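Here is a short report for a reader meeting this model for the first time. Please look over the sequence and the structure before reading on.

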Amino acid sequence: MTDGVKFDELWAAIGPGDGRPGPGLDLRGRAVDIEGAYGLQDLLVARLGPTCGVKIAANSPPLLKAFGINEPLAGHIVGATPRAPQVAWDDFRELVVEPEFVAVLGRDVEAPVADVRDVIDYFVPGFEVLERRGLSTPHGPTAVAHNVFNAGVVVGDGRMTLDAARAASVRFIQNGRVLGEGTGTAPQDPGDAVAFLVGHVLSRGGQLRRGDYLLCGTHYPPIAVTEALNFTFETGGGAAHLTVTG
């Protein structure tokens, strides 16, 4: 679990145990390259416990440039199941919230697919919960090594097909105030996001299972939360809600 800011203990556990950076880290504790970073991510996720899917990050041209990378980043969604729609901000060193589309797989995926429509059951609005740990400077390998900061997913209601998700009009609301709305707010076509994640998992020898959740990228800049707030992410036919308490 990521509650209670346990990342420091987990991060230390994959190092040599004498205060020095672990393999694949430079003297500042940053991951050296993407491939090594995914190896560190595997070690970290193994200690975090069960996962219920995968996430994409930095999947828009501005973010690719900011992170100095050529393709999006990927990580695992921690937790055997989605989170309840309520978290306490003081359980985190740096709680961050992002509204996203969540794809739900309709079957196991063990081999490449020609069309992601064959494996997607539906999309729903949701929230990614992140533990950023104060690491705000974009650096692709380090973000990967930290599992791109995932601390779980909150899943809403209102099932959408791929075509509906592509055309969806959304509203992101904080304490009754609309922070963003419109169509085309996704950082990437949701079908392309799913295709990237499927290819990434399979390329690393993994598998995806029926019912797994795939986070497709934030529709609004990440929000660092340090107080009690209420969030809603609406898609016209459904909504996700997240309450943050103190």
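This is a predicted model: local features need pLDDT of at least 70, side-chain atom pairs count only at pLDDT 80 or more; totals for chains, interfaces and linings use all residues.

Residues are numbered from 1 along each chain as its sequence is written, and side-chain values use heavy atoms, with hydrogens and water left out.

| Property of the protein | Value |
|---|---|
| Helices and strands | six helices and 12 strands |
| Buried residues | 50% of 246 residues |

Helices (H or I, at least four residues) and strands (E, at least two) are DSSP runs, numbered from the N terminus. Buried means under 20% relative accessible area, exposed over 50%, and partly exposed in between (1.4 Å probe, protein chains only).

Where is Asn147? Asn147 lies in the loop between helix H4 (140–145) and strand E6 (150–155). Asn147 counts as buried because its relative accessibility is 0%. Contact means heavy atoms within 4.5 Å. Leaving aside residues up to four places away in sequence, Asn147 touches several residues, among them Gln41, Leu44, Lys55 and His76. The Asn147 side chain also reaches the backbone nitrogen of His76 at 2.7 Å.

Next comes strand E6. Five of its six residues are buried. E6 pairs with strand E5 (residues 120–131) in the antiparallel sense, over four bridges; pairing needs at least two bridges found by DSSP. Asn150 in E6 is the bridge partner of Leu130.

Conventions
A polar contact is a pair of N or O atoms within 3.5 Å; within protein, one must be able to donate a hydrogen and the other to accept it, and residues adjacent in sequence count only if both atoms are side-chain atoms.
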